[in-house]
Amino acid sequence: MRRRFASLTRSAPLWAAALLVACPGPPQIAPLPDTALAALQHDLDLGLPPPAGDPLWVVGPERAGPEGVRVSPVRLSLVEGWELTGALFSPAAPVPGAAVLVSHGHFGQGKSGAEAQEIAWRLAAHGALVLSVDSPGEEEGALPQRLIHLEGGAHGRALLRAGGASALGLQLAGLRRGIDALAARGATRIGLTGASGGAVLSFYGGLLDPRVSAVALASPPPIPREARGGGCLCDQVPGRPGPDPHLLASLRVPALWLLDHRGPPPEGLGPQAEVIESDGPHSYTAEMQEGALRFFGTHLGLRGGPLGPAAGMDLAGPPLPADAPGLADLPLRPPVAWDPDAQALEGWGAPVVEARCVGAGPTVLVVGLPADAEGARLDALRAAGLRACALRVPEDEGAEAEAELRGRPWVARQAAALQHAASQHGAVAVWAARAWGLPAGLLPLPWVWEQPICALSEVDPAKDPAWVHTPGAWWGDHAAARCARAPVRGSDPAVLIGGLRAALGG
Ligand SMILES: [Zn+2]
């Protein structure tokens, strides 16, 4: 690892710099063994069959930007019939063979965001063919069936996991198509860059795709993220909490780490790594862009020169149709469908559950009903001679990440909460609505299922929690069979109460 001392010598006496240079560096951290890297590659590979030939085509008029660079809106075929959106920047004076793929982070836009767009113009001005690819659900592709980022993408991420994939794996598949497209245009020296989440994608691209020559990572977050580190969960690798210095040490191509802070770089950087500290902010600042241009000048042979102007255009082309295929339409390789077992409930601690109880008699837990329907069910159960306790299981923002990084179905955590409440209240049965039928079915108690969810088409992302997507649930006949096993189900409360009374022997 080479570290630039310019900032240090400005802020500290010369002897401090001399001392740092004289001291031996930290012990070298071993890269992951080849078998572990192969396993990671396998976990992140969605196995999507590549389209025949060049995956990229232009979908709108070319526009002119600064320094003679032209930009065109493009589409990329991720898999036959499933398109990604992007922009292709063509230099006025191309450096033959040199190309850079730009990935965006979470700055509110995809390729059009300043954090992605500015560096794209400037790299093209220095001679690189530049392709910027939107991740699914961004800009022209911002469709409900494609969202994977932040809170709005929780269902999408859970659906991908249920299908044996991940949001990171999907984004990497898009990045790979972008590299295919650059290679089809004669690129032989390919760089990857991006800020924040775009840096994470660039890191994995450089780690796993042998066609990549160098990567420049602006404002990189911890890779992989910590179990409860915040940020978007789209860049987590299921079952692999971070940060992992051995993973960082496995990156073999030249890498420029453009830190958004002063202080030590991430642990594990190898001899191919170069670090530039800065005062931030968390972005792809002009200072970081200067560093990236110089770095790619060295490693891709781009022309040197000062930081020229960059445009700030809306780079979006024509929107994708509203009925464009979504995440559920990808040809995934779903795992064997997950079925509940007692072990799944262990080790989740005692999740907080609030209860409001009415009536007297044997206790029934009521969970999953909207507030406006709850009162009527409690009254009906009380009238049937039962004590009814309506449960509230507060959303735990860290639960998705925790479940993902433990490699366990998120629904098991909800089942553990339900089990905890059942023992607290001495419950003899459960009245579960919608998604809550899944955890209810895990408990050794009689239960009824109001408004059962028996197919993906019955999931309402606005109302139902993302943990409804259990591994393998929506493939084959698993969901229908799971529904059929529920002893009493339906939408008529009177029928459900009758079923419940019968199950309780009265
Ligand atoms: Zn994201």
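Strand 16 (residues 447-450) and strand 17 run parallel and are joined by three bridges, where helices (H or I, at least four residues) and strands (E, at least two) are DSSP runs numbered from the N terminus, and two strands pair if DSSP finds at least two bridges between them. Within this pairing, Val448 stands opposite Val488 of strand 17. The model is a predicted one, in which local features need pLDDT of at least 70 and side-chain atom pairs count only at pLDDT 80 or more, whereas totals for chains, interfaces and linings use all residues. Residues are numbered from 1 along each chain as its sequence is written.

Both strands belong to an open sheet of six strands with mixed pairing, in the order 12-14-13-15-16-17. Its edges are formed by strand 12 (354-358) and strand 17 (488-490), each of which pairs on one side only. On average, neighbouring strands of the sheet are turned by 20 degrees against each other, direction ignored; axes here are lines fitted to C-alpha atoms, for helices over the stretch in contact, and angles run from 0 to 180 degrees between N-to-C directions.

Strand 15 pairs with strand 13 in the parallel sense over five bridges, and Ala427 in strand 15 is the bridge partner of Thr363. Strand 15 is also joined to strand 16 by four bridges, again with the two running parallel, and here Val430 stands opposite Trp447. Six of the seven residues of strand 15 are buried, that is, 20 or more other C-beta atoms, placed from the backbone, lie within 10 Å of their own.

Helix 10 (residues 371-383) lies across strands 12, 13, 14 and 15, at about 155 degrees to strand 14. Helix 15 (residues 493-503) packs on the sheet and touches strands 13, 15, 16 and 17, its direction making about 175 degrees with that of strand 17.

The largest nonpolar core has 149 residues, and those with the most contacts inside it include Val364, Leu365 and Val430; such a core is a set of buried Ala, Val, Leu, Ile, Met, Phe, Trp, Tyr and Cys residues joined through C-beta atoms within 7 Å. The core draws at least three residues from each of domain 1 (2-13 + 38-315) and domain 2 (342-503), with domain bounds that come from an automatic or database domain assignment. Between these domains, 14 residues of domain 1 are in contact with 17 residues of domain 2, contact meaning that the C-beta atoms, placed from the backbone, lie within 7 Å.

Terms used
Buried ≥ 20, exposed ≤ 12 C-beta atoms within 10 Å, placed from the backbone. Contact = placed C-beta atoms within 7 Å.
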